Number of protein chains: 2
Amino acid sequence: MRTILVTNDDGITARGINALVDAIKDSYRVVVVAPDGPRSAQSKAITVTTPLRYWKQYTNGNLVMYRCNGTPCDCVKIGLYSIMDTKPDLLVSGINHGTNTSVNVIYSGTMGAALEGCVEGLPSIGLSLCSYDQNADLTEAVKFSKKLIEMVLNDGLPQGVCLNVNFPVGAIKGLKVVRQSRGRWRERFVERDDPAHNKYYWLTGDFNNLEPDATDTDEYAISQGYGSIVPCHVDLTHYDSINKLSNLNCDAKEI
Amino acid sequence: MRTILVTNDDGITARGINALVDAIKDSYRVVVVAPDGPRSAQSKAITVTTPLRYWKQYTNGNLVMYRCNGTPCDCVKIGLYSIMDTKPDLLVSGINHGTNTSVNVIYSGTMGAALEGCVEGLPSIGLSLCSYDQNADLTEAVKFSKKLIEMVLNDGLPQGVCLNVNFPVGAIKGLKVVRQSRGRWRERFVERDDPAHNKYYWLTGDFNNLEPDATDTDEYAISQGYGSIVPCHVDLTHYDSINKLSNLNCDAKEI
């Protein structure tokens, strides 16, 4: 029986992770190591200045669940290096409540965990539903997630590549392998006064898809009712710029 | 006079950021928005579930310094969208105390901030000294940083590209534009008992350069006494895999 390490960034009590676990726990050995509370937008943060703790939360047959006081990325590390005796066959992060298309991938705790699995050489999948409604219907997303897990376990993934998967709300027409859309957030900080008359700020903003006309992006696939699959890696090098920036090469005597 | 937004992940009192600011404050208008304490390994984490605050720390001539209770990435966002009236000409993050070559780039708060500048369309540079010694000599790193800031302000950077710059300890032979080396951490969790006999864990480990023979990487440049410059972007798409994974494209009726 193959083993899947499952984590998320919404925390161990979130509906998304529990719906996923329910759907796969009879077919696989499932080890959940998930944050003890919400850790949205934690990206690939790791905890280095305070200690980590984890607790066994639940065990039943092939399923064992741990909660951890760290980030999603910490959960993967502590799962692999402290909790599990052998490497899992697959890492799955999600199902996240919220969109991780486009530039959101770099802030996402869900994808932080999936990218960590990728660094560790595991086939890894981040799964997100494009809805912030905590009561959103997960049926379709779960069905497609289960199928994708099966396919990736059978066929593997290219070394050093993991999947950023996003599902639209409602009926899903199918899955499309696409690229990350260029995008950014236009931020606003909402200013408030606390009871002691000190100012504080809430981060908010609007997402801008910078390629609204492109048809080969995750944003487009979602807009058409498809689940988007972006193959991701952790090499941030912009190769075209290595030559373009050769003017920056210099010797100490020129400084 | 051109304006530079400066941040870091070691916090506003760190030697690295202050050495940098000292070196550039007479030539540029400098706005520092830095964390109020250490935020190492915070990657591109942003604060969405608690409010942010910031305080003016110091002002003198063309220099103004703010401390913020958020992450490095928050500092950039709040600097651009709440503190500053106009966009700066450049964003600089650092000088970080510690190595951000290879895979460290994805965990680094220093580079989290630089990548955020990049998303915002600003020429952005992350600067790191490959030493965790808080008393490390910063003279050479500051000299090269100043030169690089000058060059980037004059020539700009390709749109959507920022620089991950690392300096070796000691004399710097020059600068090399290179690619990110493949690498990973072999983690160990040090297990301890607290006074109530509950276990807790410290994350530690050893870095492994997975391409020890490559001569075009940041790891190699540093090992040869050069400062390394990796042009980075935030598109995580692994383009070669889009076709390779076309078997994952499917229609709903196949599920």
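Reply:

**Cysteines and their setting**

Counting as a disulfide any pair of cysteine sulfur atoms within 2.5 Å, one finds zero disulfides over all chains. The model is predicted, so local features need pLDDT of at least 70 and side-chain atom pairs pLDDT 80 or more, while totals for chains, interfaces and linings use all residues. Residues are numbered from 1 along each chain as its sequence is written, chains are lettered from A and ligands numbered from 1 in the order written, and side-chain values use heavy atoms, without hydrogens and water.

For B:Cys232, the closest cysteine sulfur belongs to B:Cys162, and at 5.3 Å it is too far for a bond. B:Cys232 is also buried, with a relative accessible area of 1% (buried: under 20% relative accessible area, exposed: over 50%, partly exposed in between; 1.4 Å probe, protein chains only). B:Cys250 is likewise in no disulfide, its nearest cysteine sulfur being that of A:Cys130, 16 Å away. This residue, too, is buried, at 7%.

The sheet comes next. Strands here are DSSP runs of E with at least two residues, and helices runs of H or I with at least four, numbered from the N terminus; two strands pair if DSSP finds at least two bridges between them. An open, mixed sheet of 10 strands runs in the order β3(A)-β4(A)-β2(A)-β1(A)-β5(A)-β6(A)-β7(A)-β11(A)-β8(A)-β12(B). Its edges are β3 (54-60) of chain A and β12 (250-251) of chain B; each has a single partner strand, so one side of each lacks a neighbour in the sheet. Within the sheet, β6 (124-129) and β7 (162-167) of chain A are parallel, joined over five bridges, with A:Gly126 opposite A:Asn164.

Two helices of chain A pack on this sheet, contact meaning heavy atoms within 4.5 Å. Helix α1 (15-24) touches β1, β2, β4, β5 and β6 of chain A, its direction making about 135 degrees with that of β5(A). Helix α2 (72-83) touches β1 to β5 of chain A, at about 135 degrees to β2(A). These angles run from 0 to 180 degrees between N-to-C directions, with axes fitted to C-alpha atoms, for helices over the stretch in contact.
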